[in-house]
Amino acid sequence: MMTRARSLLAGGLLAASSLSSLSLVACNKGEDTGQKQSPVEGPLLVHTPPVGDFVAGGTISLDVEATDPDGVLLVTLNHRTADSTYWDYTVMTQGEGDLFTAVVTPTYVPGLEYYFEASDGGASTAYSSLPEAGPAEPFRLDLRAASVNLPWAEDFELEANQTSLFTLGWWAPSEDFDAYAWEVSPARARSGATSAFHGRTPPEVGAVRDWLVSPALNFSSLPEIMVTWYESGQGTPAMGTHSLYVSTGSRFIEDGDFVPVVEALDRPPEGGWARSQAVDLSAYAGAPEVYLAWVYEGSGDDWYIDDISVGPLKADLDASLSWDPDPVHPGETATVTVVFDNSTPAGTTNLSATLTLPEGGGVVAEETLPVPDVDGDGSTSVSFELALDPSLHDNRYLPLHVSLTDGTDTWEYDLQMTVGLPSSASLDIEPAGSSTLSLIFGVGDPASPTAAISAYSGSVEAGAQVLQADITDYYDLLPPGPGPDRWFAKVTTSITGPATAFSVTYDGVTYTSEQTGNLGGELILQLPPPPSPRLVSRSPNTARPGDAGLPVTVVVTNDGYPTAGPVTATLRSLSPTVTVNNGSGILLSSVPWEGGQSLSLTGPTLDIGSNHDRSQPALLELALDDGLESWTLSTEVPVPWPVFNIIGTAIDDSGGDGVLDAGESATLTLLVANTGDLDSFGRLTGELSIASSSTATASLTSSTGNYFTIVSGGSRDEDFDIEVTGGADGDTLDLELLLTDTEASYLVTTTVVLGTPPWQAITPVDDNLRDNLNSYGFDIQRVWYRIDGSRIDLLMVSDVPYDPVSVFIEAWGTSSGASWDFYRWVVQPGAAGMYGYRDGDFQPIGDVDTVVVSSTELMISWNTDDMDLIVDRLSLGFAAGWCGPPTYFCDHYPDGWGWPYDGTSFNMSRWFALSW
């Protein structure tokens with residue numbers, strides 16, 4: 001894989017600069033310095049390859065002697081990067097006598113391959129090449145890379161026309177799956193805007209071994225050399241192996257010249273930046289061509305590298321911290337000792353150190369002190385007196401900054417001391433096998449935590465083990481407690497097995513959760529475990545519009561753990577036509593609510609408004625509070641009632657076209673459906689009238705009708721006679737039908753537009769309301785249709801106002817014998833269209849017009865001629881909003897017809913039938 005990548009790269013770059021058509025040839029690396037002439041008697045060519053140290057990017061002058069009795073017409077030098085595919089050419093210039101010369105600038109290692117071609121000036125042009133086999137056996141000059149002199153630094157900042165590590169002179173080969181190789185990333189940088197980055201790989205890819213290879217460096221100018229860099233990590237507990245390699249030969253790892261200098265580098269800091277330990281490279285001093293390679297091996301961590309420095313070997317001092325007394329608490333004075341360990345053979349003198357507190361928290365008696373000299377590979381130390389502020393929080397880290405200088409070089413250290421004791425969180429698990437695992441410790445609601453710490457992300461093996469994280473920095477959220485101070489462990493893995501303990505240690509005390517659980521999918525353990533209120537029952541079980549003073553009883557149980565204190569309850573109405581009386585601040589329990597205990601709420605009463613007559617339940621909300629946290633439970637009291645709607649109007653007019661016009665008389669058949677949850681109360685009669693809001697005029701010659709009993713979900717029709725006395729096409733007759741049974745009266749309305757076919761409901765049954773997921777802003781209630789010749793209009797009605805700027809609606813359909821398997825109508829911001837599906841693909845087949853009729857009504861229209869129908873019949877399903885799997889659409893009408901791309905949920909047998 002790597003050889004192929006190198007060959008294509010070099011060949012591709014050469015091809016881009018070629019001035020002629022190129023030929024694809026095989027290359028047999030060989031040399032030929034003899035004088036040969038082609039059988040067709042072209043010019044005689046003589047060439048001696050030059051000898052020397054050739055560097056990529058430098059110029060090379062090549063000459064050849066060409067002679068011919070008929071004169072030499074043209075000599076070309078054909079050249080390419082060794083091992084690449086394409087040839088470039090340069091026309092050679094004739095100098096003194098028969099000598100022809102060309103200058104080339106080979107850019108890439110490992111070498112330059114070339115051959116000569118010549119033609120003579122005879123009447124019939126003859127050609128020759130040298131070597132005689134031409135591109136099959138070219139000359140070759142080995143190149144070494146152009147080396148950068150020391151000292152050298154790399155900050156991975158991209159300048160103009162630089163886009164990648166390659167354009168910075170780096171090489172990033174992969175031994176495995178190369179989609180996750182090293183790259184330049186803006187995600188994190190120690191200085192500037194970018195750094196070199198290698199990310200973790202997905203579980204399906206697994207471990208990789210990827211290289212970050214430097215440009216060629218010239219080590220010939222320094223007798224002693226070292227390299228340092230800054231690095232940062234993420235997911236370091238799951239780190240594989242980070243290594244540093246050196247090559248004084250080839251840059252390409254497949255050539256086998258790289259050797260390890262540090263086979264296992266230290267773990268980089270999690271989330272922050274730290275400078276690496278200096279690595280002594282003096283063993284390679286004097287080499288004119290040196291490559292350094294940082295090697296990522298593994299899959300579970302992210303590795304960032306920035307600000308690499310290669311230069312003279314000098315003292316490199318690492319700092320560590322101790323203090324006495326330990327532990328030390330706020331208000332006390334500690335002797336803080338900084339030990340400097342020199343990791344190189346070079347010593348240094350004339351040292352002084354300065355200790356400061358970047359975030360305050362104490363006073364240093366004397367901030368700057370002299371430091372004893374340090375020998376090569378030796379150590380030295382200095383001690384400061386630090387008085388801690390009494391107001392400082394205990395059991396926390398206190399940042400310290402130490403600056404060390406010898407007058408020439410300066411070392412900076414960001415250190416920290418522990419005030420009090422460190423804190424930790426741990427989870428005990430026993431996975432049944434090997435798998436990947438992610439662990440997060442956090443505070444508050446696991447779905448929206450106050451704080452969250454990624455404790456582990458990587459592979460785990462079978463068997464008992466403890467996963468831990470340092471949480472001392474979260475001292476202001478400790479110790480763990482109920483409500484907002486509750487800690488949790490969220491572990492995600494595909495492997496099974498028990499999670500036996502979750503604990504937090506703070507101030508020397510270990511708090512352990514009573515919860516345990518089983519791995520597999522996502523498991524959440526909480527400390528302390530939370531209460532879990534559940535509504536068990538509610539009365540009354542039903543109500544009627546106009547009811548007042550209905551006593552309410554609600555029984556709740558705690559399926560979780562005890563509450564933090566006594567529990568109060570508040571019952572409130574979410575329906576504007578329903579009132580809760582005496583529902584606030586009810587003491588439900590004067591002591592903490594124990595797990596498994598049931599409580600009963602009594603005292604509130606309900607008033608159901610007489611206008612709560614749409615057969616919708618009275619929505620109630622019960623809020624519980626224990627002084628630290630609260631819970632909200634929902635319930636509802638059914639309020640069934642007959643609900644009547646005119647869902648269709650048929651017109652038997654004197655003109656015979658089913659459309660009511662001015663001057664016509666007609667029989668109107670009004671189809672009434674009961675969409676409520678109760679049957680009509682006995683015999684139902686209807687009285688039709690024409691509302692004053694009408695813009696046309698008409699008289700009713702028959703205005704009463706008998707609808708008998710209409711059961712819930714049923715429908716009946718009745719005829720009424722009308723004569724239109726005035727108006728024009730587009731004018732309206734607003735009709736009011738007063739229905740009366742033995743219990744109540746119900747006013748329903750419809751509108752007939754002169755010259756226009758009437759609207760019909762696509763089904764007598766309305767969609768379930770409030771079933772729109774995520775409260776999507778179009779809750780389908782009903783769909784109307786009308787047919788005007790070849791034009792279909794659909795009027796979609798939402799139970800809630802919608803936003804026409806962001807609304808998203810789809811309809812799907814089929815028709816017997818049609819040339820398309822499916823039809824799909826899409827309405828979304830700025831676009832609407834009709835599509836046909838066939839042979840695995842959708843094609844646009846027609847335009848769709850949309851009209852915002854009102855805040856709850858949207859009309860879409862299209863021409864049936866675009867559909868190539870055989871019969872005037874469609875089966876349709878409707879949907880609104882996109883909520884993703886498993887439901888996909890936010891609302892369906894009819895409910896649950898599914899997602900057409902998911903065979904397990906798709907059920908078009910539930911679609912509505914439409915014919916005309």
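Residues are classed by relative accessible area as buried (under 20%), exposed (over 50%) or partly exposed (in between), with a 1.4 Å probe and protein chains only. The structure is a predicted model, in which local features need pLDDT of at least 70 and side-chain atom pairs count only at pLDDT 80 or more, whereas totals for chains, interfaces and linings use all residues. Residues are numbered from 1 along each chain as its sequence is written, and side-chain values use heavy atoms, with hydrogens and water left out.

The protein contains one helix and 66 strands, these elements being DSSP runs (helices H or I, at least four residues; strands E, at least two) numbered from the N terminus. Its radius of gyration is 42 Å, whereas a compact globule of 916 residues would have a value near 29 Å; the radius is taken over C-alpha atoms, and the globule rule is 2.2 Å times the number of residues to the power 0.38. The C-alpha trace spans about 120 × 100 × 45 Å along its principal axes. Of the 916 residues, 48% are buried. Among contacts (heavy atoms within 4.5 Å) with a separation of 6 or more, 69% involve residues 24 or more positions apart.

When neighbours within four places in sequence are left aside, the contacts of L874 include Y823, W825, W862, M867, F912 and W916.

Side chains of opposite charge can pair when their charged atoms come close. The structure holds 18 salt bridges, each defined as a side-chain nitrogen of Lys or Arg within 4 Å of a carboxyl oxygen of Asp or Glu. In the bridge between R396 and E359, the closest N and O atoms are 3.7 Å apart. Because R396 belongs to strand β30 (residues 396–405) and E359 to the loop between β26 (351–356) and β27 (362–364), this pair ties together parts that are 37 residues apart in sequence. R396 is buried at 10% relative accessibility, whereas E359 is exposed at 59%.

E636 and R770 form a further bridge, with their closest N and O atoms 4.0 Å apart. E636 lies in strand β46 (residues 630–637) and R770 in the loop between β55 (760–761) and β56 (780–788), so the parts joined are 134 residues apart in sequence. Both are partly exposed, E636 at 35% and R770 at 42%. In the bridge between R782 and D766, the corresponding distance is 2.8 Å; R782 is in strand β56 and D766 in the loop between β55 and β56, 16 residues apart. R782 is buried at 9%, and D766 is buried at 18%. E175, R209 and E297 are linked in a salt-bridge network.

L73 is located in strand β4 (residues 72–81) and counts as exposed because its relative accessibility is 60%.
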